[in-house]
Amino acid sequence: MPQPAEHIAQAEKNERLYDNLIGTEFNDWAVVGLFYAALHYVDAYFVQRFGASPSNHNARNRLVSMTIELAAIRTRYRELYARSLDARYEIVAMSEDEVRQERTAHFVPVRTHIRALLSLT
């Protein structure tokens, strides 16, 4: 099972994927990268707090909804999840501006909140 530091490293790697894809024809995959970065931040928190992370999206979404320390980012995490589903399964076109807005409005608050909970700078 990955440890919190491994989840953080994967989150940072997924954020670099976003950096490489934004502004290209792959804006849809840039938002997927953001979602998976958020997912790994959340999993790092769950591993630290509970000793394990959920094994699938449904279980993770439920745990995010039930964990009081994640109340401040619950809606933002769900929005990133929804946008990643749009990109992966609904073939929704996303402009560079839309994806940058997703990053600012949803991803950055998730990242900031989790890093604070984990006492990371």
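Modeller: A residue is called buried when its relative accessible area is under 20%, exposed when that area is over 50%, and partly exposed in between. What follows describes a predicted model.

His7 has a relative accessibility of 5%, so it counts as buried. It belongs to helix α1, which covers residues 4-21. Setting aside neighbours within four places in sequence, His7 is in contact with Pro2, His40, Asp43, Ala44, Val47 and Ser53. With one of these, His40, there is a polar contact from side chain to side chain, at 3.0 Å.

In soluble globular proteins, nonpolar side chains tend to be buried together. In this model the largest nonpolar core has 31 residues, and the members that touch the most others are Leu70, Tyr77, Leu80, Val99, Phe107, Val110 and Ile114. Helices α1, α2, α4 and α5 are the elements that each give two or more residues to this core. The greatest share comes from α2, with 13 residues.

Two residues show how the packing is arranged. Ala38 lies in helix α2, and its relative accessible area is 0%, so it is buried.

Next, the aromatic rings. Over the whole structure, six aromatic pairs are found. In one of them, the ring centres of Phe35 and Tyr77 are 5.7 Å apart and the planes meet at 50°, so the pair is classed as tilted. Phe35 is in helix α2 (residues 27-50) and Tyr77 in helix α4 (residues 74-90), so this pair ties together parts that lie 42 residues apart in sequence. Phe35 and Tyr77 are both buried. Another pair, Phe46 with Phe50, has its ring centres 5.9 Å apart and its planes at 35°, so it is tilted as well. Phe46 and Phe50 are four residues apart in helix α2, which means that about one helical turn separates them. Their accessibilities fall in separate classes: Phe46 has a relative accessible area of 0% and is buried, whereas Phe50 has 42% and is partly exposed. Ring pairs also join Phe35, Tyr36, Tyr77 and Tyr81 into a cluster.

Last, the charged side chains. The count of salt bridges comes to eight. One of them joins the side chains of Arg111 and Glu15, at 2.5 Å from N to O. This bridge links distant parts of the chain, with Arg111 in helix α5 (residues 96-117) and Glu15 in helix α1, 96 residues apart. Arg111 has a relative accessible area of 19%, so it is still buried, the limit being under 20%. Glu15 is buried too, at 9% relative accessibility. A second bridge runs between Arg83 and Glu102, where the closest N and O atoms are 3.7 Å apart. Arg83 is in helix α4 and Glu102 in helix α5, so the bridge ties together parts 19 residues apart in sequence.

Another bridge stays within one helix. The side chains of Glu96 and Arg100 meet at 2.9 Å, N to O. Both belong to helix α5 and are four residues apart, so about one helical turn lies between them. Elsewhere, salt bridges with shared partners join Glu15, Arg103 and Arg111 into one network.

How values were computed. Residues numbered from 1 in each chain as written. Predicted model: local features only at pLDDT ≥ 70, side-chain atom pairs only at ≥ 80, totals over all residues. Heavy atoms only, no water. Phe/Tyr/Trp six-rings, centres within 6.5 Å; stacked < 30°, edge-to-face > 60°. Buried < 20%, exposed > 50% of the residue type's maximum accessible area, 1.4 Å probe, protein only. Polar contact = N/O pair within 3.5 Å; in protein donor to acceptor, adjacent residues only side chain to side chain. Contact = heavy atoms within 4.5 Å. Salt bridge = Lys/Arg side-chain N within 4 Å of Asp/Glu carboxyl O. Core = buried A, V, L, I, M, F, W, Y, C linked by side-chain atoms within 4.5 Å.
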